[in-house]
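Let's take a walk through this one together. Have the chains in view and follow along from strand to strand.

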Protein chains: 2
Amino acid sequence: MYTLFLKEGSVEILTTQIQLARKGIASSEAIQVAKDEDFPLDKLLKLIASGRVVITRNVKRENVRPLGIGEGLRTKINANIGSSADFCDIDYELRKAKIAVEYGADTIMDLSTGGDIDAIRRKVIKNINVPLGTVPIYQAAIEAGKRKGAIVDMDEDDMFKAIEKHAEDGVDFMTVHVGVTKKTVDLLVKRKRIIPMVSRGGTFHAAWIIHNGQENPLYSNFDYLLELARKYDFTLSLGDGLRPGCIHDASDELQMQELLTISELVERAREGGVQVIVEGPGHIPIHQVGANVRIQKALCKGAPFYVLGPLVTDLAPGYDHITGAIGGAIAAMEGADFLCYVTPAEHLGLPNEDDVKLGVIASKIAAHAGDIAKLGEKASYRDDEMARARIAIDWEKQYELSLDPRRAQLYHERVKAKEPKSCTMCGQFCAMKIISEALNNPNIEKMKC
Amino acid sequence: MYTLFLKEGSVEILTTQIQLARKGIASSEAIQVAKDEDFPLDKLLKLIASGRVVITRNVKRENVRPLGIGEGLRTKINANIGSSADFCDIDYELRKAKIAVEYGADTIMDLSTGGDIDAIRRKVIKNINVPLGTVPIYQAAIEAGKRKGAIVDMDEDDMFKAIEKHAEDGVDFMTVHVGVTKKTVDLLVKRKRIIPMVSRGGTFHAAWIIHNGQENPLYSNFDYLLELARKYDFTLSLGDGLRPGCIHDASDELQMQELLTISELVERAREGGVQVIVEGPGHIPIHQVGANVRIQKALCKGAPFYVLGPLVTDLAPGYDHITGAIGGAIAAMEGADFLCYVTPAEHLGLPNEDDVKLGVIASKIAAHAGDIAKLGEKASYRDDEMARARIAIDWEKQYELSLDPRRAQLYHERVKAKEPKSCTMCGQFCAMKIISEALNNPNIEKMKC
């Protein structure tokens, strides 16, 4: 993984994809991504070099297919798994991760907060072949709380040790809430929001800042964070701890202040040869989704944008995979690169296996709908194949092309149609059959019904 | 229902809402709609007079709450029910209609094509209190087919008799495929599309035109159609028989040619004192949804736009309620007034009760997301209430505000959380709890975990 680069007599050690790309070196990962995306390698290297594309891969990680995220590439989707204090079963979490990958999740984030957090992460990382992300502050806070009595008693060392431990395990990208600073907490205290914060990691930091009266250590020691990220080439995912938690609070000064802080840190990460992506909202009214994407892209100079939803209404608990698919599709169309799925259990409880599947499929629909806009025929050729299977009334081919072939087949065969090759919606009055016959035979001899 | 208007010695009979509004007469229906929508009555009358708002109500219809559709009003949603040749159970169709209304459908369309079509329509109309729509050409074609041997053997009389029969039964709005003309059929024969047509009613007309070599009678005798519509004040819903049936065929010359024809007929309907709305696609890539709405609104001088979906990818059979919610939400945001739901069974078979429920809820999410953009606080105040219930961790209030209270409760109570008032996602690490405590007590004495 490490590459030595000789420069006028001195030796430079290059570990990160951005460092390699800047030297014009095509890593095996970059070559693989260019192939997978059917994308010109030279152009890809330029995008990686400029920070507009990242390849999420920890140098310690084994058994993973490198994944490119960013401008010009297919929109990726992430599925969260992870235990909680109320429900902790290591095999169940692994099963959820596997289901997510089966239905098309490009990455998995393990957000465990209950049980043996190390064991879950290590088991998942060993048994899936897609990039894994984590939020190390969860473990730092929870373990500090257990050891010292309260979350806010964790110290700087606890935070960085957790990050280093995850890096050693091969975690490919990590959320760090570096935008939650004294400045944003000061704004928070003014309380113009209905819901001050909804980010778990974000509140750990905010409570810590309020309690200790000190700056967020991940922010004040960002250079050390960069050093770790450079060593392992894990991608920094700059978390939006101040993301709005409801439609009312969307696109407010808190959110924008955090984004400004993040945009500065994006620049510092790039200067430091570290790969970085930016996380975004959250709860956003539909007419502000596009603006949010375009502002992030402008402020953060094209850094890959990883959005959580966005959810376009607060009224649909139990159906937030749909609410999130609406926001995610628009975000993808407008340039977001990476969608975090939302399951039907969002706001209500821990998702089960079925929720994970529904969340992934809703997110895939959103990503693909966006890709039709972003990538044109490179994405829509599959829709065209489906259209040809439909006019040919070729059911097997239709199942095969579906995001969920089993469900498509189940629905079609639920009630048997009398007419061969038809479906129970229209039976003999199938529009496609009638028009094909009419166009093929203007005398329409066969059109008896 | 009938109003006599005295004009310089002569007597005019006014039956339609548009005629009344033009005279500045506020019908009881208009007064009710203004109240329901919290909308100024004088402004509403102007919108009705100009054809930008319709009130779907047949003068023969009893037991129905008048419904306004169009500019400035809440986005409405329609749920289709109806038998097919393969599945016909009159009580089952009524149950589907009732479920749809329970979950928020503003109108029902009965698209029955199997069994006793008259009986189904009459039973549904008697037992629901929302406007009912139909597509009379289905019945005309099917019954002519049975009687005469082929669908294309129906004559002009069959078509108009079906319309009159539906009008007599009190049907509030009817789809008429008046844009399927010889001109469009000529274009169709060139076959640039992957799927020539997907509209059932549209193909009945197209096959009829090809077979008989004559113009669509509903088009050539549009004045007689207007006469019927005026007599009963049913709203004409100008069907898009040439709507694209896949992403590939979207926004093509066929679709635009039909829209041009429709735009002329909108003007004639308005001149004739008839209420009219326009149907739209269909399958549309996400980046063309907004353009489709804006072009319709411009060409048809603000006529209410009733979209079928739109579906933003063809790859998700079994999940087309989600695909349709994405397109529908964007369409609503851009100005569409009326969304036809899509169920998970779309493209696969006749929907069952559960599909109807899922379709309605997905469509409600889309409509409400669009309304937040279109109507601002008039729509989003409910989201704000939900946000307040969330930060108060008031679960009962959250259920109550949900589009599907039972499902929200079910999800939340599926696994019991140890921590009181928390959920199993975060348990004691609830972001909202932590930040509320931190902000309320900077010493954070209580933050022990």
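Before we start, one ground rule: two strands count as a pair if DSSP finds at least two bridges between them. Keep in mind, too, that this is a predicted model. With that rule in hand, look at strand 6 (residues 107–110) and strand 7 (residues 132–134) of chain A, which pair in the parallel sense over three bridges. Within that pairing, Met109(A) stands opposite Gly133(A) in strand 7 of chain A. In general, strands of a sheet pair through backbone hydrogen bonds, either parallel or antiparallel.

In chain A, eight strands close into a barrel in the order 5-6-7-8-9-10-11-12, and the pairing is parallel.

Follow the chain onward and you meet a cis peptide bond from Gly309(A) to Pro310(A), with omega near -15 degrees. Pro310(A) lies in the loop between strand 11 and helix 14 (320–334) of chain A.

Over to chain B. What order do the strands of its barrel run in? The closed barrel of eight strands in chain B runs 5-6-7-8-9-10-11-12, with parallel pairing. The twist there averages 25 degrees from one strand to the next. Helix 12 (residues 253–271) of chain B packs on this sheet and touches strand 9 (235–238) and strand 10 (276–280) of chain B. The direction of helix 12 makes about 165 degrees with that of strand 10 of chain B.

Two loops of chain B are worth a glance. In the loop between strand 9 and helix 12 of chain B sits Ser251(B), a residue other than glycine with a positive phi near 55 degrees. Ser251(B) counts as partly exposed, at 26% relative accessibility. In the loop between strand 10 and helix 13 (286–299) of chain B you'll find Gly282(B), and a cis peptide bond joins Pro281(B) and Gly282(B), with omega about 15 degrees.

Next, the rings. The count comes to 12 aromatic pairs over all chains. One of them is Phe87(B) with Tyr92(B), an edge-to-face pair at 5.3 Å centre to centre, with 75 degrees between the planes. Phe87(B) is partly exposed, with a relative accessible area of 28%, while Tyr92(B) is buried at 14%. Tyr306(B) and Phe338(B) form a stacked pair, 4.0 Å centre to centre and with 20 degrees between the planes. What does this pair tie together? Tyr306(B) lies in strand 11 (residues 305–308) and Phe338(B) in strand 12 (residues 338–340) of chain B, so the pair ties together parts that are 32 residues apart in sequence. Both residues are buried, and Phe338(B) is also the bridge partner of Tyr306(B).

Some ring contacts cross between the chains. Ring pairs link Tyr138(A), Phe204(A) and Phe429(B) into a cluster. The charged end of Arg407(A) sits over the ring of Tyr319(B), 4.1 Å from its centre, and Arg407(B) lies over the face of Tyr319(A), at 4.1 Å from the ring centre.

Met154(A), for example, touches several residues including Ile137(A), Met159(A), Phe204(A) and Trp208(A).

Technical notes
Residues are numbered from 1 along each chain as its sequence is written. Chains are lettered from A and ligands numbered from 1 in the order in which they are written. This is a predicted model: local features need pLDDT of at least 70, side-chain atom pairs count only at pLDDT 80 or more; totals for chains, interfaces and linings use all residues. Side-chain values use heavy atoms; hydrogens and water are left out. Helices (H or I, at least four residues) and strands (E, at least two) are DSSP runs, numbered from the N terminus. Rings of Phe, Tyr and Trp (its six-membered ring) pair if their centres lie within 6.5 Å; planes under 30 degrees apart count as stacked, over 60 as edge-to-face and the rest as tilted. Buried means under 20% relative accessible area, exposed over 50%, partly exposed in between (1.4 Å probe, protein chains only). A charge sits over a ring if NZ of Lys or CZ of Arg is within 6 Å of the ring centre and within 35 degrees of the ring normal. Contact means heavy atoms within 4.5 Å. Axes are lines fitted to C-alpha atoms, for helices over the stretch in contact, and angles run from 0 to 180 degrees between N-to-C directions. Lists of a residue's contacts leave out its neighbours within four places in sequence.
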